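Colleague: I should like to learn how to read an interface, a sheet and a helix from a model. May we take them in turn?

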Amino acid sequence: MIDPQLLRILIALVGILGFVALNALALVYAERKIAGHVQRRPGPYEVGPHGILQPLADALKLMGKQLTTPRDADPVIFWLAPILCFMPVALCILPIPFGPNLIALDLNLGMVLILAFAGLGVLSICLAGWGSNNKWGLLGAARAVAQNVAYEIPLLLAVLSVAFMTGSLNLATITEGQGTWPWQWNVLLNPLGFIIYFICALAETNRAPFDLPEAESELTAGFHTEYSGMGFGLFFMAEYANMIVACSVATVLFLGGWNGPFAPGWWWFLLKMYALIFLIIQIRWTYPRVRFDQLLNLCWRWLVPLALLNLVYVTIIVKL
Amino acid sequence: MFTREQIAERGFYTQHFEQGKQDNTLILNMGPQHPSTHGVLRVMLEIDGEYILRAEPVLGYIHRMHEKMAEGKTYAQFITNMGRVDYLHALAWNWAFVGAVEKLGDTPPTPRAEYLRVITCELNRISSHLLWWGAYLLDLGAFTPILYAFGDREELLDILQDLTGSRLTYASFTFGGVVADMNDALRERITRFIARMRDRLHMYKSLVTDNFILLGRVEDIGHIPMDMAVRYGATGPVLRGSGVAYDVRRAEPYSVYPQLDFIVPTSDRTDALGRYLVRMQELEQSLNIIEQAVVQIPEGEIQAKMPKKPKIPAGEVYFAVEGARGKIGCYLQSDGGGSPYRIKLRAPSFSNLSLFAELSQGTLLADAVSILGSLDLVIPEIDR
């Protein structure tokens, strides 16, 4: 007899992979359309009505392309990286409660699981940069490591502040701890925590203005300079999947998860998540890129001390 | 021809790099295919981490020997070459050559043609600065402004297309005049464009120039002290960004510029932001010039009476104009024949680029990109 818990996880994983893949397609379309409208142009328009099939065409193109390995690259590391990049993201979604009963793995340490696997992402970027034996790739990887390690600290502190408030690391419990109405959500009780989390999420997912590991105008394409076809495609999908994870976690921790006025349910969750993703996309097409020392200064000089102060503030609130 | 030993002895451009890298440094080839070298500029960098220890521009990837080409062409045929030296401010190059020929042959253009030249040349300067603005911000990682700039540029190019017949590689100046006249409808369009562009510049300032992330990327980056700018022969906004009010339109006046009221913007900041602000102010000044020119322009012929094959007397002449990137000079030597005996073109980007090696020492890679962008280089002009 197969363990029902295992079966549940397997089904959930398949579902999650489908969800992530579909979302990646939808988000690529959304990103290009939003970018288009920000830049006073229609965006993709040719493939299907309003270019709605464009991401599909892109995906087919990427799959059809030849996979090239640079001559001096280490093929094992080189090809391990994109695969390793994508896998932890799928696992990160397991403990996220999308709805009252829509949770794949109701873990007491759900938040820890997400943080642990999210930390793996930087390893794959490091491997990609090192394995492709390209100087630009190496610089990109070095940037990614420094950036992600630095920003993980304020991120953890921001998450910790929510854990203090709820007294739990179980994402379902955290959701239930917040009420129906927006003023009962953590974002208003702990606004600084939310801002710190959001900035760190931008940096952790390598999105502009913190897209230094792949800064196009400086490092050509950074860590994925040498990847072609689906090698690049996996990194690309992982970026969007990372955005989904980061925004889902933000929704659970700060925006009340699936709680919402009138009819709580998964639709509220998705609405909040997509709103955050929309904000991230909007930011990318609006701001210039920061420089590397500015990025680290922001983290060590501002975010870490502020996050620590925020912890003190949250403990006082909890005491009261 | 030099032997390899002689080149090594004399100090060839890659000499530093032939010695190999030091311990713990990386030699990096930026270009000739790199998104922010804007064409085929190649810069060899030796970096320690992300800090640049040495930088050497390597030129010649788009050398088309325009100067040599002139010797095999008639004077009139060579005008089309000039539009291709610097494709962003092609009309200034047109003017440098045509002006040199006119100076040598003493065949000045008609007054109306002078004003038409000023109008088209300044419109072209605006389109060049707009493109620089968009591309520079693209270098700094802001994707959107370039499309806004191109939106404005599109309207401008439509006007220029009707004024000159082309959109990019202009060749509309003739000896003693210009090829096409401006009618009232065009004058109306230009006036409307000026009003619109002023609005847009205001928006660009509040939307982009005042953005604190942008300021962080351009403030105190790439300081060019005044003496250094002069030492390298920098001209144009690069020199004016270091506080020297040198503008060929004022320093060596030509055409009708003395009758037009405009200031030469300078900045004492000497950094990338200084050069940025100078260019933004120049956009406004160019709009002022055009606004006055379309009012002052006299009626009359647009082409002076010239023989079909102009006879250029033997002799030599130098004529310089102010391009978007600096002083554009044309040295012309004639032996009295049908084609130039020798032409030497002074490209401002060449002098401005030579600053880069010294400027980028000790900066971060990201700052080097910012510095390179702030010099506003057009690579075909450097290699000619």
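Modeller: Let us begin with the charged pairs between the chains. In this predicted model, the count between chain A and chain B is two salt bridges.

Colleague: Which residue of chain A forms a salt bridge with Glu50(B)?

Modeller: The partner is Arg143(A), and the closest N and O atoms of the pair are 2.4 Å apart.

Colleague: How many residues of chain A and of chain B are in contact, and what area do the two chains bury between them?

Modeller: On the chain A side 23 residues take part, in contact with 33 residues of chain B. The two chains bury about 2600 Å² between them, with 61% of it on carbon and sulfur atoms.

Colleague: Now to the sheet. How do the strands of a sheet pair?

Modeller: Strands of a sheet are joined through backbone hydrogen bonds, and the pairing is either parallel or antiparallel. Here, three strands of chain B make an open sheet in the order β6-β7-β8, with antiparallel pairing. Its edge strands are β6 (315-322) and β8 (342-346) of chain B, each of which pairs on one side only. From one strand to the next, the twist averages 10°.

Colleague: Over how many bridges do β6(B) and β7(B) pair, and which residue is the bridge partner of Phe319(B)?

Modeller: Strand β7 of chain B, residues 327-334, pairs with β6(B) over eight bridges in the antiparallel sense. Phe319(B) has Cys330(B) in β7(B) as its bridge partner.

Colleague: Which helix lies across these strands?

Modeller: Helix α5 of chain B, residues 90-105, lies across β6, β7 and β8 of that chain and runs at about 145° to β6(B).

Colleague: Is Glu322(B) buried or exposed?

Modeller: Glu322(B), a residue of strand β6 of chain B, has a relative accessible area of 0% and is therefore buried, the cut-off being under 20%. Beyond its neighbours within four places in sequence, its contacts include Arg125(B), Arg240(B), Arg249(B), Asp247(B) and Lys327(B).

Colleague: Finally, what span should the 22 residues of helix α4 of chain A have?

Modeller: At 1.5 Å a residue, α4(A), residues 110-131, should span 32 Å, and its end C-alpha atoms are 32 Å apart, so the two values agree. Among the buried residues of α4(A) are Ile114(A), Leu115(A), Val122(A) and Leu127(A). The buried residues of this helix pack against α3 (75-93), α5 (135-166), α6 (171-177) and α10 (229-254) of chain A. After α4(A) comes Asn133(A), with a positive phi near 50°.

Definitions and conventions: Residues numbered from 1 in each chain as written. Chains lettered and ligands numbered in written order. Predicted model: local features only at pLDDT ≥ 70, side-chain atom pairs only at ≥ 80, totals over all residues. Heavy atoms only, no water. Pairing = 2+ DSSP bridges. Helix = DSSP H or I, 4+ residues; strand = E, 2+ residues; numbered from the N terminus. Axes fitted to C-alpha atoms, helices over the stretch in contact; angles between N-to-C directions. Contact = heavy atoms within 4.5 Å. Buried < 20%, exposed > 50% of the residue type's maximum accessible area, 1.4 Å probe, protein only. Expected span 1.5 Å × (residues − 1). Buried area = accessible area lost by both parts, 1.4 Å probe. Salt bridge = Lys/Arg side-chain N within 4 Å of Asp/Glu carboxyl O.
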